[in-house]
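I opened a new entry to go through this model.

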Amino acid sequence: MEVVRRWLVLLSMVLMIMQSGEGQLLENFYANSCPNLESIVRQEVSTKFTQTFVTIPATLRLFFHDCFVEGCDASVLISSSSGDAEKDAKDNLSLAGDGFDTVIKAKQAVEAQCPGVVSCADILALAAREVVVLAGGPSWEVELGRRDGLISQASRVTGNLPEPEFNLDQLNTLFARNNLTQLDMIALSGAHTLGFSHCDRFSSRIYSSSIDPTLDSSYAQQLMDACPQNVDPSIAINMDPETPRTFDNVYYQNLIGGKGLFSSDQVLNTDPDSEPTVSDFATNPGNFNAAFITAMRKLGRVGVKTGNEGEIRIDCTTFNS
């Protein structure tokens, strides 16, 4: 019996190790090796925020785009002289430079105190939490211990990020590939309460043969005024027309009012399978915040490299070798 018991214990340990690295992330991973890590990152993010509000949506979006391609491994931060890194993919060209700058500056500050210890992936995960807090959103404990990836290719981005015209099934399928549920997806979509979008990402809703009937008519006119046909492609507008600089549940109230910017936003309210969650989040900010925290922690576990996998980059924009 003792032999059987030991075999079962060993088997359970092996299974834990095989679970995509999730069990290897720890909230206190750097407690001894870099005890001031979180305060260093918090200070750097706060400093960057005082320079530009774009720091907030840019950093949060950067984390999402990183995790959905190759996992949360800072592969999106790599720069390539030949223009074929992950950040060079068409779907990533709209990532604002302030997000990259936030992580790079935080990494430099961390390296000054804890050289060669903390991954860029972990710094990005911490920075994502900090920008949510700076915008008035909830805080949470960030699991740490990720290592930086060794692959960053533009060709591997296609099909791994949600498109603005996705329907509910397409959204659910993509998120499920990353071990995220429909509830997680709806909660993470709430990040659209911050940030902006370029006009070409939603122009088909207002400039096809007819205006998308799910759009509120006054909001549709507002979009046409801000984004006339043949507008400069660099023009961008707020994702949330009501409280674009505050992390709150107004995004869901907007959906109920027909003011979702993307059809992939609006479908969350028009599809009967997701509408009850939208209604709940619109009226219960505590429920939204709790679901968002859970979803962000789960997002942070996607495809992580741990142990001897990957590396700890010294410069977030370049592989060590």
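Into which domains is the protein divided? I noted domain 1 as residues 34–154 and domain 2 as residues 179–298. The model is predicted, and I read everything below with that in mind.

**Entry 1: the domain pair.** I looked up the distance between the C-alpha centres of domain 1 and domain 2 and got 24 Å. For the contact between them, I listed 20 residues from domain 1 and 16 residues from domain 2. I then took the buried area between the two domains, which is about 1500 Å². Carbon and sulfur atoms give 75% of that area. Which three residues supply more than any others of the area that domain 1 buries against domain 2? I found Phe 53, Pro 138 and Trp 140, which together supply 33% of it.

**Entry 2: polar links across the interface.** I searched the interface of domain 1 and domain 2 for salt bridges and found one. In the same interface I found three residue pairs in polar contact, both residues of each pair being at pLDDT 80 or more.

**Entry 3: the domain 1 side.** I asked which helices each supply at least two residues of the side of domain 1 that touches domain 2, and noted α3 (55–68) and α5 (120–134). Helix α3 gives the most to that side, with five residues. By class, I recorded 13 nonpolar, four polar and three charged residues on the side of domain 1 that touches domain 2.

**Entry 4: the annotated positions.** I checked the UniProt record, an unreviewed entry, for the annotation "binding site". The record places it on Asp 66, Val 69, Gly 71, Asp 73, Ser 75 and Glu 86. These positions span 21 residues in sequence, but no two of their C-alpha atoms are more than 12.1 Å apart, so they gather at one spot. I placed Asp 66 in helix α3.

**Entry 5: salt bridges in the whole structure.** I ran the search over the whole structure and found 18 salt bridges. I wrote down two of the pairs. In one, the side chains of Arg 156 and Glu 70 meet at 2.4 Å, N to O. Arg 156 lies in the loop between α5 and α6 (168–176) and Glu 70 in the loop between α3 and α4 (97–113), so this pair ties together parts that are 86 residues apart in sequence. In the other, the side chains of Arg 297 and Glu 143 meet at 3.5 Å, N to O.

Definitions and conventions: Residues are numbered from 1 along each chain as its sequence is written. This is a predicted model: local features need pLDDT of at least 70, side-chain atom pairs count only at pLDDT 80 or more; totals for chains, interfaces and linings use all residues. Side-chain values use heavy atoms; hydrogens and water are left out. Domain bounds come from an automatic or database domain assignment. Contact means heavy atoms within 4.5 Å. Buried area is the accessible area (1.4 Å probe) that two parts lose on being put together, summed over both. A salt bridge is a side-chain nitrogen of Lys or Arg within 4 Å of a carboxyl oxygen of Asp or Glu. A polar contact is a pair of N or O atoms within 3.5 Å; within protein, one must be able to donate a hydrogen and the other to accept it, and residues adjacent in sequence count only if both atoms are side-chain atoms. Helices (H or I, at least four residues) and strands (E, at least two) are DSSP runs, numbered from the N terminus. Ala, Val, Leu, Ile, Met, Phe, Trp, Tyr, Cys and Pro count as nonpolar, Asp, Glu, Lys and Arg as charged, and the others, Gly among them, as polar. UniProt positions are given in the numbering used here, feature names are shortened, and annotations may be inferred rather than shown by experiment.
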